[in-house]
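Look at the sequence and the 3D structure below. The paragraphs after them go through the contact between the chains and then some side chains inside each chain.

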There are 2 protein chains.
Amino acid sequence: MSDERILYAPLRERLVSAEAAAALIQPGETVAMSGFTGSGYPKAVPMALAQRIEAAHLKGQPFQIKLMTGASTAPELDGALAKADGIAMRMPFQSDPDARQRINAGTLDYIDIHLSHVAQHVWFGFYGQIDTAVVEVSAIRADGSLVPSTSIGNNKTWLDLASKVIIEVNDWQPAGLDGMHDVYYGTALPPQRKPIPLIHGDDRIGEPSLRCDPDKIVAVVRTHGPDRNSPFAAADDSSERIAEHLIAFLRHEVDKGRLPASLLPLQSGVGNIPNAVLAGLARSGFRDLEAFTEVIQDGMLALLRDGVLRYASCTGFALSPEGNEEFKRNIDFYRQRIIMRTQEISNHPELVRRLGCIGMNGMIEADLYGNVNSTHVMGSRIMNGIGGSGDFARNGFLSIFLSPSIAKAGSISSIVPMVSHVDHTEHDVSVIVTEQGLADLRGLTPKQRARQLLDHCVHPRYRDALEDYVARANRDSYGKHTPHLLTEALSWHQRWLETGDMLG
Amino acid sequence: MSDERILYAPLRERLVSAEAAAALIQPGETVAMSGFTGSGYPKAVPMALAQRIEAAHLKGQPFQIKLMTGASTAPELDGALAKADGIAMRMPFQSDPDARQRINAGTLDYIDIHLSHVAQHVWFGFYGQIDTAVVEVSAIRADGSLVPSTSIGNNKTWLDLASKVIIEVNDWQPAGLDGMHDVYYGTALPPQRKPIPLIHGDDRIGEPSLRCDPDKIVAVVRTHGPDRNSPFAAADDSSERIAEHLIAFLRHEVDKGRLPASLLPLQSGVGNIPNAVLAGLARSGFRDLEAFTEVIQDGMLALLRDGVLRYASCTGFALSPEGNEEFKRNIDFYRQRIIMRTQEISNHPELVRRLGCIGMNGMIEADLYGNVNSTHVMGSRIMNGIGGSGDFARNGFLSIFLSPSIAKAGSISSIVPMVSHVDHTEHDVSVIVTEQGLADLRGLTPKQRARQLLDHCVHPRYRDALEDYVARANRDSYGKHTPHLLTEALSWHQRWLETGDMLG
């Protein structure tokens, strides 16, 4: 790496190995790291820290940290530290298989909170002092400010609040990222808060780089490594059909005058289905769309390239290796159309409500009355976490949840009598889509919602059983506002646990 | 009534009887009325409409309306129309016993949504056209604008959107209300929305009266009647103890530097416990407090009088007859310290987050993991509705839920293995208080929350059973992140249905 990525001389003097940097982190510390959906996380120090922890454990010495990030990271961070049994507490979102296994075994403490709440709850003092921040950047400018890499997440908060800071400068990240970021420095604690001066989703309201007191920076580590960059999976038939139902609905809403022709800013979860929706929008003749979202996937790059999407605002990326190549090759083009923000801004309730975002998120299951479970399998095993879905579902113009109607070879129905865990209440869900069809729940009573879901979303394999439950609940329920049979409400889940099939 | 309450001459010419006004409402209409927590609702036209509906029904003619308000009203409105079987659909909140009985019998369609969502969902077109608005005001000014009475609720939206308008001028309401209101006219539909320019809870950002095209006003009716004004119940021992726990916590947070000495703007639900909390704050030496809330109760008047509370922002009142007398007697004093707003502003996520409100709301039950049920008894019978609790719980600085630990002579525990309905998810609940103590759930994992609730909140009668559930769930649950035994999770509720006691 040439020195051009570290233009502030005093920080060049703090260049050390990852091992030397990791040695500055002590057992019991609260460590806040960069990283959001597998982008922009530190690549070297967490691995070195994991080795240090394993060495300590071999000597019988306890060594764990409390770990915070933006959102999910990668095997080099969550995976390595979880395998080393080095995480005492993890917040706010993760998706690593090793960490998940430990969380569900009850040996790793995990706190799953709204992504828009993370920074402010730390500022409020709800999580104590941050000892060390470990943040990947793409460059250090001559004035000492830090050019973020492929995610910002909570980095502003970590750099502001940490007692000491370790910086990884990753020259695998393109230099052309410089100018893509917009770090808002107008946040404050109540009662000093002011309106956030963002009116259009592509407004720039901040600075292109992160401030950090150089005296706090105890180590700088050079890295050269890729983000997680998982391969892109082509959309399957189910995703395509979900996308078709959703796009037909959006077109209908435009026809009815309830949405502008260019829709409203789109928020889109990560995965196969959102990618299919994006591709479907492109084919459907929509133009001049906007994205005010958390994460940019391959599909969004294609829409930007084709002019379907006017701009995309985000806090991180989730690209395939090919998507990343495309991004790097045409970074000057994308820098004009992508604005990267802190996650407290990308997910801010004030902005999501003002802009009128259309939230589109996956789910694990929904129940008859429109309650949605985004996090727990069979009520007790966490999958990943709520992420930002609640920020958009509660405060946006439309909150849409998408899922295939069945899972695990048909042994699980995504539409159940009662969800086994609630992340989005009946008050927060506008539309549910499966490959079977679309349930428009707006302005409906609980029983009317059940009718929509039965008629449009439930898989044929489960329709009779669900109709039977509804009929008996309508007859025998204690109250008839939200009819339930409490002895059966969770029986589908229990039956799956016992027999491997919700129908037994 | 002298003409001084109707200073705009063309509207004096539209003075008619309540019966004549009610005759302008046709079967099948969507009718939007004023009213919030038993204040500022129309007193005469709904009764005349109920009579008209009953007469039609006697002749075998169908006659129902879809009814929207600000929030709950009174027997003269919800009660009369429900008894007449005149309501096909009710939105967004009500607390009338007759209406509740019909809702839970399955014969009255009820849609329970966040109070901050009502106006925008109607503007978005999710509820179709509003045919008639029936709005109580305290006076009509010489320029034709309308001085609201003791609630504003959604009146701005109703007057803007209704095809025709019926105004009730109630001269029982004090003339001194004029100047207390602040009607914000800066709202818009996305993508035209701008920041709401309210920075302090007592900022005035609007106009003192409501605009209404006089050509839409088809009838003006004079009334002279009191608001619901339910008697004030003195705080009981349980409420006093809940208040003590909460106040000790707030003082602790001030000591730790996490809250300013004058706290942050308080939002307080309606009822015995909030009143006890307010009284307790006064006794505890807190000064210069602020209230950014929905409803002003007797307790808040006392705090304003004593200088404990610097101001109170609200959208309605819930006063006892004595409280109302006090309010009228000293209205010039209160007008300097009370700001009445539309409910989309009083409950706006943007403002609740900016101001950092401390939300204090009642609940029906909470579960081990901090999920809160505010609306449903035994999962299926609705009590009232979610009201504005979600607006504050999701977006405020602290979301606090308060309840006695037992109900119905001890046969019901307010802390249960799994709530039978979720209105506030585990991601949205900071603190739970019962007369037993206070559980601080911030920054805790699900299992740590369960420990807090077991140690501090559950009633002794239920402690062993709950400890037993937790121990077995920790051992046998499918996942150990949020341990549950699905065959037992709702068994306490089922046992109460079968035996009248959650323990059997």
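A salt bridge is a side-chain nitrogen of Lys or Arg within 4 Å of a carboxyl oxygen of Asp or Glu. Side chains of opposite charge can pair in this way when their charged atoms come close. By this rule, two salt bridges cross the interface of chain A and chain B. In one of them, the side chain of Glu350(B) meets that of Arg354(A), with 3.1 Å from N to O.

The model is predicted, so local features need pLDDT of at least 70 and side-chain atom pairs count only at pLDDT 80 or more, while totals for chains, interfaces and linings use all residues. Residues are numbered from 1 along each chain as its sequence is written, chains are lettered from A and ligands numbered from 1 in the order in which they are written, and side-chain values use heavy atoms, with hydrogens and water left out.

How are the two chains arranged? Two copies of a chain are related by a rotation about an axis and a shift along it. Here, a rotation of 180° with 0.0 Å of shift along its axis superposes chain A on chain B, with an RMSD of 0.0 Å. That is the relation of a two-fold axis. The superposition is by least squares on the C-alpha atoms of residues with pLDDT of at least 70 in both copies. Of the residues of chain A, Glu350(A) comes closest to the rotation axis, its C-alpha being at 2.1 Å. The same surface serves both copies, as 100% of the contact residues of chain A recur in chain B. Contact means heavy atoms within 4.5 Å.

Chain A gives 83 residues to the contact and chain B gives 83 residues. The area buried between the chains is about 7,100 Å², and carbon and sulfur atoms give 58% of this area. Buried area is the accessible area (1.4 Å probe) that two parts lose on being put together, summed over both. Arg353(A), Arg394(A) and Tyr478(A) supply 13% of the area that chain A buries against chain B, more than any other three residues.

Between chain A and chain B there are 36 residue pairs in polar contact, both residues being at pLDDT 80 or more. A polar contact is a pair of N or O atoms within 3.5 Å; within protein, one must be able to donate a hydrogen and the other to accept it, and residues adjacent in sequence count only if both atoms are side-chain atoms. Among the elements that give two or more residues to the side of chain A that touches chain B are helix 5 (97–105), helix 14 (349–355) and helix 16 (446–456) of chain A. Helix 14 of chain A gives the largest share, five residues. Helices (H or I, at least four residues) and strands (E, at least two) are DSSP runs, numbered from the N terminus.

Now turn to salt bridges within a chain. A search of the whole structure finds 58 salt bridges over all chains. Glu240(A) forms one with Arg283(A), the closest N and O atoms being 3.4 Å apart. Glu240(A) lies in helix 8 and Arg283(A) in helix 9 of chain A, so the pair ties together parts that are 43 residues apart in sequence. Arg283(A) is exposed at 59% relative accessibility, and Glu240(A) is partly exposed at 26%. Buried means under 20% relative accessible area, exposed over 50%, and partly exposed in between (1.4 Å probe, protein chains only).

Another salt bridge joins Arg329(A) and Glu326(A), with the closest N and O atoms 3.2 Å apart. These two residues are three apart in helix 11 of chain A, and are therefore separated by about one helical turn. Arg329(A) is exposed at 58%, whereas Glu326(A) is buried at 11%.

In chain B, the side chains of Arg394(B) and Asp428(B) meet in a salt bridge of 2.7 Å, N to O. Arg394(B) lies in helix 15 and Asp428(B) in the loop between strand 24 and strand 25 of chain B, so the pair ties together parts 34 residues apart in sequence. Arg394(B) is buried at 2% relative accessibility, and Asp428(B) is buried at 4%.

A polar contact of 2.8 Å joins its side chain to that of Tyr311(B).
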